[in-house]
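Keep the model open as you read.

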Amino acid sequence: MARSKAVAKKETKKAEAPVATKDVSSTPYQLDPAQVERAAKALVAHMKKHAQEKESKDGKKNLAADEDEAEDNDQPIFLSVSTKQHVSNTNRLKPAKLPLPHPIIASDAKICIFTKDPQRAYKDLVASDAFPATLREKVGRVIGIDKLKKKFKSFEQKRALLTDYDVFMVDDRVIKIVAEFLGKTFYQSKAKRPIPIRLTAGAFVDKTAQKDKKEPQNVVGTPQGVAKEIEAALNSTYLSMSASANTSIKIGRLSMTADQIKENTEAVIAAIIPKHIEQGWKNIRSLHIKGPATKALPVWLADELWADEAQVLEQPWRGAITAGEKGKSAERKRKWDEWEEELLDDDVLEVRKAKREAKKAKKDKAPEKKSSISKEKRKALKKEALSSVQTPLIAG
């Protein structure tokens, strides 16, 4: 008997247990890997087809093209991020380094580094045996601030420097000085904008000693530390957000496979949304990938177009018309009528004035209409309506 009660109790608990449990960690704000893969494959196929058609249509080699420049076929691919609200936090608008699983900078790229003076200390650092030899071959030039201002004053000199190297890097301590001097030649587009790096990496920096001195001490990093900074810069992309609702980030090149573009896209989205977008996923309106001259293919679209429920109205919005606005419109109409009457002939003007006076007199003579019926009249109409009902409304 006791055993049967225990079995019954056990079956009752089993029946009361939920059939399925809700995953608390589940959220609608997440990427669909299949959609990212479809978009990447479609974009790569379209861009390659367009490049082949253009090449076959031209049919001739451009002899004026520079052989050192990158091929037109290897076009960049961007991730376009649209937000529901403007990104207004100034801390989020600073350029940010985003590591990529598949680098978008070519392995044989030539590098130029802008450094703090004296430049000799950083030249010796790159030339030291502790600095990786493979990376030393890529660093073609190290330029200090004084030498930069003396040798590259004109626009032509800056333009020639821009075409000589594939990648430019700048000491983060002098990035403002370099940007102001190079100007639109380097910073008008994002193609070769200097990448900020820490040339003090690996060195000990005594912050208390720097506060006591009027001039900051010239700290030079270690060869291993600076090499890691350069490698990290080559294996990353950079986010430069503006105070707007749209921004684009380079995530790949056409020479990469669709799977590589997919992995880069997922890595960049996972890095920027929690740290660089106010309110995170709730503020994301859409994510697309695109080429320089292609249509944007959707990767993720928001279901709602608002970030805050308090901003949603339950009824259509109506703009309130103030008394001042009514007065302004009436004043404009009066001035228009006066100007129009000045252009009319005397006969036409007399006819118009006569019509206006007759209309005004008719309006004054007309009896005022009551806005609503009286209480007694309403009761009489109600009683008459009830008496006209032949059958009772409620059966007895």
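Q: Is Lys41 buried, partly exposed or exposed?
A: Buried means under 20% relative accessible area, exposed over 50%, and partly exposed in between (1.4 Å probe, protein chains only). Lys41 has a relative accessible area of 45%. Lys41 therefore counts as partly exposed.

A note on the source: this is a predicted model, where local features need pLDDT of at least 70, side-chain atom pairs count only at pLDDT 80 or more, and totals for chains, interfaces and linings use all residues. Residues are numbered from 1 along each chain as its sequence is written, and side-chain values use heavy atoms, with hydrogens and water left out.

Q: Which side chain meets Lys41 in a salt bridge?
A: A salt bridge is a side-chain nitrogen of Lys or Arg within 4 Å of a carboxyl oxygen of Asp or Glu. Here the N to O distance is 3.2 Å. Both residues lie in helix α2 (residues 33-58), four residues apart; helices are DSSP runs of H or I, at least four residues, and strands are runs of E, at least two, numbered from the N terminus. The partner of Lys41 is Glu37.

Q: Is Lys262 buried or exposed?
A: Lys262 meets Glu266 in a salt bridge, 3.2 Å from N to O. Glu266 is partly exposed, at 24% relative accessibility. Lys262 has a relative accessible area of 16%, so Lys262 is buried.

Q: What is the N to O distance in the salt bridge of Arg120 and Asp124?
A: Both residues lie in helix α3 (residues 119-127), about one turn of the helix apart. Arg120 is partly exposed at 49%, and Asp124 is partly exposed at 42%. Their side chains meet at 3.5 Å.

Q: Why is the pair of Phe114 and Phe168 classed as it is?
A: Rings of Phe, Tyr and Trp (its six-membered ring) pair if their centres lie within 6.5 Å; planes under 30 degrees apart count as stacked, over 60 as edge-to-face and the rest as tilted. The centres of Phe114 and Phe168 are 5.9 Å apart. Their planes are at 10°, so the pair is stacked.

Q: Which strands does this pair link?
A: Phe114 and Phe168 are 54 residues apart in the chain. Both are buried. The strands are β3 (residues 111-115) and β5 (residues 167-171).

Q: Which residue forms an edge-to-face pair with Phe168?
A: The centres lie 6.1 Å apart, with 75° between the planes.
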